[in-house]
There are 4 protein chains.
Amino acid sequence: MSVNSFGRLFRFTTWGESHGPAIGAVVDGCPPGLAIDEGVIQPFLDARRPGQSKYTTQRQEPDQVRILSGVFEGRTTGTPISLMIENVDQRSKDYSDVALAYRPGHADYAYDAKYGFRDYRGGGRSSARETASRVAAGAVARLVIAEVKILAYVSEIGGDTIDPGKFDEAEIANNPFFCPDAAAAKRWETIVDDARRSGSSVGAVVECYASGVPAGWGAPLYGKLDADLAAAMMGINAVKGVEIGDGFAAARLSGERNADPMRPSANGPDGAPEFLANHAGGIAGGISTGQPVTCRVAFKPTSSILTPQETITRDGQATEMFTKGRHDPCVGIRGVPVVEAMMALVLADHKLLHRGQCG
Amino acid sequence: MSVNSFGRLFRFTTWGESHGPAIGAVVDGCPPGLAIDEGVIQPFLDARRPGQSKYTTQRQEPDQVRILSGVFEGRTTGTPISLMIENVDQRSKDYSDVALAYRPGHADYAYDAKYGFRDYRGGGRSSARETASRVAAGAVARLVIAEVKILAYVSEIGGDTIDPGKFDEAEIANNPFFCPDAAAAKRWETIVDDARRSGSSVGAVVECYASGVPAGWGAPLYGKLDADLAAAMMGINAVKGVEIGDGFAAARLSGERNADPMRPSANGPDGAPEFLANHAGGIAGGISTGQPVTCRVAFKPTSSILTPQETITRDGQATEMFTKGRHDPCVGIRGVPVVEAMMALVLADHKLLHRGQCG
Amino acid sequence: MSVNSFGRLFRFTTWGESHGPAIGAVVDGCPPGLAIDEGVIQPFLDARRPGQSKYTTQRQEPDQVRILSGVFEGRTTGTPISLMIENVDQRSKDYSDVALAYRPGHADYAYDAKYGFRDYRGGGRSSARETASRVAAGAVARLVIAEVKILAYVSEIGGDTIDPGKFDEAEIANNPFFCPDAAAAKRWETIVDDARRSGSSVGAVVECYASGVPAGWGAPLYGKLDADLAAAMMGINAVKGVEIGDGFAAARLSGERNADPMRPSANGPDGAPEFLANHAGGIAGGISTGQPVTCRVAFKPTSSILTPQETITRDGQATEMFTKGRHDPCVGIRGVPVVEAMMALVLADHKLLHRGQCG
Amino acid sequence: MSVNSFGRLFRFTTWGESHGPAIGAVVDGCPPGLAIDEGVIQPFLDARRPGQSKYTTQRQEPDQVRILSGVFEGRTTGTPISLMIENVDQRSKDYSDVALAYRPGHADYAYDAKYGFRDYRGGGRSSARETASRVAAGAVARLVIAEVKILAYVSEIGGDTIDPGKFDEAEIANNPFFCPDAAAAKRWETIVDDARRSGSSVGAVVECYASGVPAGWGAPLYGKLDADLAAAMMGINAVKGVEIGDGFAAARLSGERNADPMRPSANGPDGAPEFLANHAGGIAGGISTGQPVTCRVAFKPTSSILTPQETITRDGQATEMFTKGRHDPCVGIRGVPVVEAMMALVLADHKLLHRGQCG
């Protein structure tokens, strides 16, 4: 019930602030005997790491993860896995303006309203830096669901969408946008760079699917797989919308158009049917159907922009603010590894839950 | 951690199947001393009740709620409130076809894949009938957050949207669609009736806002108010998408356009600012800002249609099915009281959580 | 996290007051496919039922359980099992004295201090009547751990203990005290009847063991099997002490005397050792060892006695009270089926937890 | 629901093994604004620290705690407080014997049975070293319940008890046994030293009371204050028994002798009564009464002794083992700060829970 933990059986708790000495996650409930070391986790952190292109924040963080517990002789022991990432490039020299006034669109005012004060350095706990902990925990989760393949990518930036007909999975790693459409990636260079130069920001949509999820994961009625995914994704910084399968588009279809008919399949595992469509995104009644689990996630443009905005000081006086410092012109891009991690974390939890109840 | 419970401090657990003797909810964690009796809950159930117009299922259920515990001399005692609603109009005479094959788009196949068998009568546990329990529990939650006004309505049916310029709150109760735009309601009569006559179905979008929520409710990072709302809404039967504030539209805005500037306000409570926009939907960093909390929820068209669909039997043989029996041509309509209830339940929980931690 | 629920994966929530219309339990997380009907549960309720001898309260309750959900065609479906027991013999005619003043040793004052008021009829929620719900839920739990045999009995009443050398399991069902020693049972007739006649009460110790528990159930460090048992037992009405294995006696042994040596065994399952002693009560490091899990539970004498005691009124005035009405001269006796139920509930939960994490 | 976390609103999660690089705790749900730094926590760790007298293990650990998050400018921020203690004096050179065979009375066999293998160095996760994390978390909890005074002490070692008539609180800090009776402390020097010299071990009883707890903390029926305390104490390494108030002795009293009468008090807070006795240990119906909350905790003699014991190897072969290395001849002694910490942690959680539900 901790509000800083996620999951039921496969569960992680994160801690740490943007400009504290370190951030970390404690992963609990991991099955024993899985092969792991830092090298298994690091590539996922590297994918999320800032400062790798001019399209992301220039904060330089090596994001080196250390495993402090729960692993012995290269295998998980079943006890809590403590993961720690030191903060290196903090530059918290001058935060006096942020200390005194609230950045519009940021959590500054809300934190103060809730807690009475806040760690204002770099956004403190509300910084997207915390998502590194999610990615590290997600790398452990992937070991639990080795049968599942998870893939996320950006499908839209600043309103410009990929051409689904040009979807090329291999392309995703070839550009700084996790974009599966080379032509779109080319266009986005301009869109994001324009935003960066002008001190503006743009939004993005990230799509994710998980294939290899067997039918039967998920748990009605308040542990539904889609509800858990919705919480997992909506909880990522800057996310404002989540869709499963056809999402809002399904609301504009007729029942006939939205149907996912089935027929017998010779290829599926153990009598599993072939589905003729996947409008449902691989989930029915909160339980996986054996089809790929799919979701779409909307990232708002970051509120860290150079154009001054009206706001108030802690004392309630009118002022204006704009964001100095290093920021992402499009936070959705680095959201891709985070979306994948949250997908993995939800699925790992439901795999264990299903095994617990149904054997 | 029960998958049939929702909430942390204000928490409810539901039970019951569509064609069992009754359904119910146990509401736990309710503050003591709140005035309550069945008459406080019944109006919300009446709003969700089927069979009230030709636009909803013709199943006739009085949906009379009984309070079995937790209330003494007209006040909540702080102990669990057991709410029970008897099933009356079950007609489970002939479910042999549903017993033998899987209705596409329904949870039939997923339940069998998970549990090995299922209560197939009327959808069993996966029936939307369960949402009556949510509505009953939500009526109790409203007592906890008396300072908050919650309002939901349908903004789109079958792709036809309301005209925001013609929004009239008073109109919502005047038509069978919870529609705030009289002209749209008129159009929807045709849309929904056409779907009903042809044995088809249409989707809908429900919008909900809660005003009067003070700044400070919500809990970073895995108990965020928006993440909890996302889970609450996505868990409702037939929901495929959830947006907070501008949702997916925010992904197409620039940072400047998406800003929610603040200025000092003489009218707000206790130094609270005036916001010049509410793209964020009243939530920043997972914590309420004092603005109205807003969300949009997409309901797919029900899969219960008269057009036969390919499917398989329990034995894995090919067959075709269409849905006999009484069903909603547009399940989103009756989703309105359910969306309101889930909003109330999330807010009540967060009010208590905030009070617990922050006094 | 609900304070009216117990368990993690196998979880139950109880509701109801002593003199309300009914009490009940919602059992959640039960594996699907287990054969069950009311007849499977009723015998355990009958064992706990009051009014069966002159040594227990004369309240007459049939304690007939009804299954309202979660069961289809005689098997559990994996969805919540709602169990309800109607209250029949309530006699709440005259509770004016209890309404106005606090019975010493009862929860009256504490409930008022917490909630501001209370349902004073028959103790309301704090009545031992609620333990019927535990026994009903425990009967379901037993189905989950069919490999385990659970046995509880009274080993001491009013300071008079059984002779361990005369332990006869078959004797337990032959007397109204769940006593495995016929001679002790004879003596207890006098002890309890004397207490009853004089309007006094006596305490008791209940011992319980569970054999057939495989090694590996339990979960360090805050889900230890012994810690969960301690909570389960201490939470039963009137319980003031819990021991695992040798308990307090272990504190008086040397390390050599307290050792539980092992040696290879040809008979044990799958390489399991033979233990030469069981001081630990079948649990090491919070995890079962394969030996019988044993505990001892101390029940205080009920505070419902005829001798007037000093107390205060709700208004803070001095007064005296004694307990009218029907009460148990030795509540520990009827605690036996409750202790067994809690043992079953803890073990069922840990079986599923272990399966979830370790497969 | 994590098995490595404890508490509901005030919650902590621990991680780490005896011979890993560090151990730690993440404290979540702490109210904001409490003054804290390492110096507030360190004295409690120093009290538990080994190697301070010849009566405890000679492992030398500075047990220096570091706060890694959740604190800003000397105050708690309301976000997770990550506490880390580096392991310094590990000496894991030679554990080959422990790796190959199971130490009787230790968790070795149980861990292997559960997880398939284990970190055998110094007991790994099952080592009492983990209790340092509890003590650190408990120091934070104390800040939340500043109105409460918690005091624990040893009342019995090796069967030799203190004289209650000679109880002197000031004496507790004057001897290496946390003993409130100077004469007993003198006797215990011999008892413990004899055990140490002969490679044996002795058990102990720790008593704890918390005064200043207002009436109304605790939560029926499965979050009872006494049940939570029982779980908290039974979960400490080597604990085999827990009593609240009179505990097992209450089972030997008559109802009249066990009564806790009340009368009006001019001195108590806000109409609180004066109690004439405290057999109940300050808890009725799972809720605090305003009297001191008292408990007794039995520690077994450690299983780490020099006398060889029969046991088996991982391969199931017969062998003998005795414990080399540094160990406590009486683990109960260092249990005193741990018992205090667990008391503080339970009370802090219940204070917040009560405030959450009842305002």
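# Close-up views of a predicted model

**Figure 1. The five-stranded sheet of chain A.** An open sheet in chain A holds five strands in the order E1-E2-E3-E7-E4, with antiparallel pairing. Strand E1 (5-6) and E4 of chain A stand at the edges, each with a single partner strand, so one side of each has no neighbour in the sheet. The structure shown here and in the other views is a predicted model.

**Figure 2. The pairing of E1 and E2 in chain A.** E1(A) runs antiparallel to strand E2 (residues 11-16) of chain A, and the two are paired over two bridges. One residue pair can be picked out in this view: A:Ser5 has A:Thr13 in E2(A) as its bridge partner.

**Figure 3. The five-stranded sheet of chain D.** Chain D has an open sheet of five strands, with antiparallel pairing and the order E1-E2-E3-E7-E4. Its edge strands are strand E1 (5-6) and strand E4 (65-67) of chain D, and each of them pairs on one side only. Between E1(D) and E2(D) there are two bridges, in the antiparallel sense. D:Phe6 stands opposite D:Phe12, a residue of E2(D).

**Figure 4. The surroundings of A:Ser53.** A:Ser53 lies in a loop of chain A, between helix H1 (38-48) and strand E4 (65-67). Its side chain reaches the backbone nitrogen of A:Tyr55 at a distance of 3.0 Å. Leaving aside residues up to four places away in sequence, A:Ser53 touches A:Gln58 and A:Pro176.

**Figure 5. The interface of chain A and chain B.** In this interface, 102 residues of chain A are in contact with 102 residues of chain B. The two chains bury an area of about 7,800 Å² between them, and carbon and sulfur atoms give 63% of that area. Three residues, A:Lys114, A:Tyr222 and A:Lys240, supply 12% of the area that chain A buries against chain B, more than any other three residues. How many salt bridges are there between chain A and chain B? The count is zero. Polar contacts, in contrast, are found across the interface of chain A and chain B in 35 residue pairs, with both residues at pLDDT 80 or more. Helix H3 (residues 108-115) of chain A gives the most to the side that touches chain B, with six residues. Sorted by class, that side of chain A has 53 nonpolar, 32 polar and 17 charged residues.

**Figure 6. Strand pairing between chain A and chain B.** Strand E11 (residues 239-244) of chain A pairs with strand E11 (residues 239-244) of chain B. The sense is antiparallel, and the pairing extends over three bridges. In this view A:Val242 stands opposite B:Val242, which belongs to E11(B).

**Figure 7. The relation of chain A to chain B.** The same surface serves both copies, since 100% of the contact residues of chain A recur in chain B.

**Figure 8. The interface of chain D and chain A.** Here 40 residues of chain D are in contact with 40 residues of chain A. The area buried between chain D and chain A is about 3,300 Å², with 66% given by carbon and sulfur atoms. On the chain D side, D:Trp15, D:Phe72 and D:Phe117 lose the most area to chain A, together 20% of what that side buries. Residue pairs in polar contact between chain D and chain A number eight, both residues being at pLDDT 80 or more.

**Figure 9. The side of chain D that touches chain A.** Which elements of chain D give two or more residues to the side that touches chain A? They are strand E2 (11-16), strand E3 (22-28), strand E6 (75-76), strand E7 (81-86) and helix H3 (108-115). The largest share, five residues, comes from E2(D). By class, the residues of this side divide into 16 nonpolar, 13 polar and eleven charged.

**Figure 10. The relation of chain D to chain A.** Chain D can be laid on chain A by a turn of 180° and a shift of 0.0 Å along the axis, with an RMSD of 0.0 Å. Of the interface residues of chain D, 100% are also interface residues in chain A, so the copies meet through the same surface.

Terms used. Residues are numbered from 1 along each chain as its sequence is written. Chains are lettered from A and ligands numbered from 1 in the order in which they are written. This is a predicted model: local features need pLDDT of at least 70, side-chain atom pairs count only at pLDDT 80 or more; totals for chains, interfaces and linings use all residues. Side-chain values use heavy atoms; hydrogens and water are left out. Contact means heavy atoms within 4.5 Å. Buried area is the accessible area (1.4 Å probe) that two parts lose on being put together, summed over both. A salt bridge is a side-chain nitrogen of Lys or Arg within 4 Å of a carboxyl oxygen of Asp or Glu. A polar contact is a pair of N or O atoms within 3.5 Å; within protein, one must be able to donate a hydrogen and the other to accept it, and residues adjacent in sequence count only if both atoms are side-chain atoms. Helices (H or I, at least four residues) and strands (E, at least two) are DSSP runs, numbered from the N terminus. Ala, Val, Leu, Ile, Met, Phe, Trp, Tyr, Cys and Pro count as nonpolar, Asp, Glu, Lys and Arg as charged, and the others, Gly among them, as polar. Two strands pair if DSSP finds at least two bridges between them. Copies are superposed by least squares on the C-alpha atoms of residues with pLDDT of at least 70 in both.
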